[in-house]
Amino acid sequence: MHNQGMLLTIDVSNTHTVLGLFEGEDVLEHWRIATDPRRTADEIAVVLQGLLSQSPILKNADIAGLAICSTVPSVLNEMREMSRRYYGDVTTVVVEPGVRTGVPVRMDNPKEVGSDRIVNALAATTLYGGPCVIVDFGTATSFDAVSARGEYVGAVTAPGLEISVDALATAGAQLHKVELIRPRQVIAKNTVEALQSGIIYGFAGLVDGIVERMSAELADDPEDVTVVATGPGAPLVVNEARTIDEHEPWLTLIGLRLIYARNTA
């Protein structure tokens with residue numbers, strides 16, 4: 001069925017690793033696994049081949065390329081080893097200094113900007129143009145500012161949804177870790193819903209407050225700024241925050257596909 005090779009994109013963040021398989025511009029299949037720094041290259045290969053083989057669409061998938069970015073150095077090392085050992089004949093692009101991204105970084109220390117931030121900036125400007133703000137709901141809630149010319153110009157970092165819930169549950173004797181879903185109403189009648197309300201509406205307010213201030217600094221007319229949400233926590237907040245324009249769950253994977261194309265053309 002598939003004659004052209006497919007591109008496997010791997011985005012390793014602190015908590016989860018998201019994998020996406022592209023045919024052309026389409027994400028055919030995607031998976032999310034826990035990021036475990038102790039996992040070896042051989043174990044990663046077993047997990048990967050297990051995921052690929054259980055997918056009905058991919059019975060004889062021919063992987064022609066690999067594109068990887070990681071915020072966890074030890075995992076990146078094992079990913080390299082895995083691609084060398086199990087996908088030795090496949091073109092592999094790892095996002096790191098020296099790889100062509102097309103995103104100029106205007107920061108005090110460009111090397112300290114996580115590779116995933118640059119990947120997201122490229123994807124957002126390619127999809128929606130600049131200036132834009134990317135809100136990534138991950139381990140932290142990260143805000144990235146990209147100029148009209150597609151330059152990475154700065155960032156804001158706030159706590160993430162999950163770690164905020166964990167911190168509350170750890171510090172408060174009567175507070176438990178709750179399932180993050182939208183409560184029936186804002187003013188809650190029980191402890192669980194009070195926590196849900198505080199987290200979900202609290203983060204919506206946090207996002208709107210930070211995005212409005214960023215947009216005012218980023219453009220003469222803040223209306224020109226496109227606000228793009230991504231990350232595992234995004235579905236909880238996107239409908240409650242008034243500043244978010246676009247929700248693209250596969251933003252990082254799309255960016256990896258674009259960087260792969262740039263470096264193998």
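## Pairing of strands 6 and 7

Strand 6 (residues 132-137) and strand 7 (residues 140-146) pair in the antiparallel sense over 6 bridges. Two strands count as paired if DSSP finds at least two bridges between them; strands (E, at least two residues) and helices (H or I, at least four) are DSSP runs, numbered from the N terminus. Isoleucine 134 stands opposite aspartate 144 in strand 7.

The model is predicted, with pLDDT of at least 70 needed for local features and 80 or more for side-chain atom pairs, while totals for chains, interfaces and linings use all residues. Residues are numbered from 1 along each chain as its sequence is written, and side-chain values use heavy atoms, with hydrogens and water left out.

An open sheet of 5 strands, with mixed pairing, has the order 8-7-6-9-10. Its edges are strand 8 (152-159) and strand 10 (246-247); each has a single partner strand, so one side of each lacks a neighbour in the sheet. Strands of a sheet pair through backbone hydrogen bonds, either parallel or antiparallel.

Helix 5 (residues 191-218) lies across strand 6, strand 7, strand 8 and strand 9 (226-230), and runs at about 20 degrees to strand 7. Axes are lines fitted to C-alpha atoms, for helices over the stretch in contact, and angles run from 0 to 180 degrees between N-to-C directions.

## Helix 3 against helix 7

Helix 3 (residues 115-128) packs on helix 7 (residues 251-264) at an angle of about 90 degrees, the axes being 7 Å apart. That makes the two helices roughly perpendicular (65 to 115 degrees; under 35 is roughly parallel, over 145 roughly antiparallel, the rest oblique).

Contact means heavy atoms within 4.5 Å. The contact residues divide into 10 nonpolar, 4 polar and 1 charged. Here Ala, Val, Leu, Ile, Met, Phe, Trp, Tyr, Cys and Pro count as nonpolar, Asp, Glu, Lys and Arg as charged, and the others, Gly among them, as polar.

## Cysteines

With a disulfide defined as a pair of cysteine sulfur atoms within 2.5 Å, the count comes to 0. For cysteine 69, the nearest cysteine sulfur is that of cysteine 132, 17 Å away, which is too far for a bond.

Cysteine 69 has 0% relative accessibility and therefore counts as buried (under 20% relative accessible area; exposed is over 50%, partly exposed in between, with a 1.4 Å probe and protein chains only). Cysteine 132, also at 0%, is buried too.
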